[in-house]
Amino acid sequence: MIQPLHNPPLLAVRDLCVEFATRRGPVTAVRAVSLQVAKGETLGVVGESGSGKSVTSYAVMRILDRAGRIVSGAIEFGGINLNGADEPTMSDLRGREISMIFQNPRAALNPIRPVGKQIEDVLIRHAQATHDQARAKAIAALEHVRIRHAAQRYHAYPFELSGGMCQRVVIAIALACRPQLLIADEPTTGLDVTTQRAVMELVRDLTRSDGMSTLLITHDLGLAGEYCDRIVVMEQGQVVEQQDTRALFTTPAHPYTQRLIRSTPHAARTIRDLLPEDLRLPQPPAASPAGTGTPLLEVRNLVKVFDPPGGLLQRLKSRGKSAAGTFRAVDGISFGITRGESVGLVGESGCGKSTTSAMIMRLLDATSGSILFKGQELTAVPAGEFARSPLRRELQMVFQDPHESLNPRATAAQAIADPLLRLDGMSGAAQIRARVERLAAQVGLPLDLLDRLPHQLSGGQKARVGIARAIATHPELLILDEPTAALDVSVQAVVLNLLSDLRAEFGMSYLFVSHDLEVVRLMCKRVIVMRAGRMVEEGLTEQVLSAPEADYTKELLAAIPRPAHLLHRVSHTKVARA
């Protein structure tokens, strides 16, 4: 039932039903969904991956793929019936009056066009700038979302930017025309907390100053709790609860809402607190004392220098000139990880976290420095040849973008089986299938999804495939690059506990790269804080996150979205009794 609003709704969705045609017949993805967004309001839509959140927003934008169709229901925007609007009308509305931030930024950007030009396209298409003004406005849009060196990044192509930077470019495009309604589908998934706060406060300021409305789709309850006026909870294609934010957190009525709140790291004291009580097993004893003995990994004075941004054309123009424009992505960092230890690596997007991870994994060659793994110098083997090294199976990685890291022509089962075939030498179809199914069950991936291709899986489901593939060979060192950023909180709780148990049982070591400091607090004994390619602080996690010495660390902690007064009350009342 739709809650009544004090003002006429800008967007009204009534009894919306959406279904998709499949080989096995039609599948209903959205069932009788009703919601309203008033002018100037921010409405949050939360729920697990596959609950119908994104499909609802695609129906509003009229961008469902060919297999999807609106079966029944009504969608009205500003008095316009969007169900009956023709494509020229919708094309005019999209980007100018209704804009959308998509969940997968790399898929949303044109890979062969500079990002600045893509912002210009939107401005010129909707008459928000002339050709003479477009460049300056595009650079200003990049600066609004806190992209450093915006004038240089204007020329960059998407593949030259980190995942977080691509996400900020998508946000800049969506906000360029100051739309009446912004639909934000997981808008801050790949962003660090400081940029996340900057972006969400920018959206909130536009909402207040311009009367813009926002439909925020997120699995981050902390984010929804801080920035949304009301919250709609969806499960299996249906709305199960909707209340104003404070009421939802203090008196959640539906058991599913209670489970989501319980799984939020902000309210947890230990990793086990994230799970429902019936799933809370005792923590297994560690295979060896973590953080003691000879380091498994030693990084010494590691440096990575890249050519100037701007792509091939810019590099050709710079031939014969000095290397003054080179970019030092990693600037002389040193640290170690011992057997069984989990070390967090945190910092804002572009600080060098992923570049450091790629060099340790031997996906990139270091400019200088040393990487010792089990006493062996990894930099002695070129990155292009390391795949044939016996050490390859000992080092595995969960990548930040689950979509880009999967072969689009391989099923989920084939992706998980690949390291078993290539690195473990496993043979026998039945044996491999049984092992794949066990791995899928461990990461919460339904077995009926194993024979699907990546484009047939949700973002969260693809992330689970990536984790299952990474742990298949039981590596000694697992590098986790934002491993749960695409997961809803209940699945995140299961995966984090799984990773914690695997590390304890097998003595695995983790380099846990994340922008979620609350998750790092639960998962890591030590933490390293990076900024602009350098280490600014290192120490025990509790000490660094409770009493930081560096001003930058203090900024990161202050930027965490946490409706503490709401979550604290829930964790000691409703959830405690659930």
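Below are some questions and answers about this model.

This is a predicted model, in which local features need pLDDT of at least 70 and side-chain atom pairs count only at pLDDT 80 or more, while totals for chains, interfaces and linings use all residues. Residues are numbered from 1 along each chain as its sequence is written, and side-chain values use heavy atoms, with hydrogens and water left out.

Q: What pLDDT does the chain average?
A: The score called pLDDT is the predictor's confidence in each residue, from 0 to 100. In this chain, 89% of the residues score at least 70. The chain's average pLDDT is 84.

Q: How many contacts does the stretch of residues 564-578 have beyond near neighbours in sequence?
A: A contact means heavy atoms within 4.5 Å. The pLDDT is below 50 over residues 564-578. Beyond near neighbours in sequence, the model gives this stretch 28 contacts.

Q: How many disulfides does the count give?
A: A disulfide is a pair of cysteine sulfur atoms within 2.5 Å. By this rule, the count is zero.

Q: Is C166 buried or exposed?
A: Buried means under 20% relative accessible area, exposed over 50%, and partly exposed in between, using a 1.4 Å probe and protein chains only. The relative accessible area of C166 is 0%, so this cysteine is buried.

Q: How many aromatic pairs does a search of the whole structure find?
A: Rings of Phe, Tyr and Trp (its six-membered ring) pair if their centres lie within 6.5 Å; planes under 30 degrees apart count as stacked, over 60 as edge-to-face and the rest as tilted. Searching the whole structure this way gives two.

Q: Why is the pair of Y58 and F102 tilted?
A: The ring centres of Y58 and F102 are 6.5 Å apart, and the pair is tilted because the planes meet at 35°. The pair links distant parts of the chain, 44 residues apart: Y58 is in helix α1 (residues 53-61) and F102 is in the loop between β6 (98-101) and α3 (105-108). Helices (H or I, at least four residues) and strands (E, at least two) are DSSP runs, numbered from the N terminus. The angle behind the name is 35°.

Q: At what angle are the planes of Y157 and F159?
A: The rings of Y157 and F159 have centres 6.0 Å apart. F159 is exposed at 64% relative accessibility, while Y157 is partly exposed at 24%. Their pair is stacked because the planes are at 20°.

Q: Which ring does the charged end of R135 sit over?
A: A charge sits over a ring if NZ of Lys or CZ of Arg is within 6 Å of the ring centre and within 35 degrees of the ring normal. The charged end of R135 is 4.6 Å from the centre of the ring of Y154.
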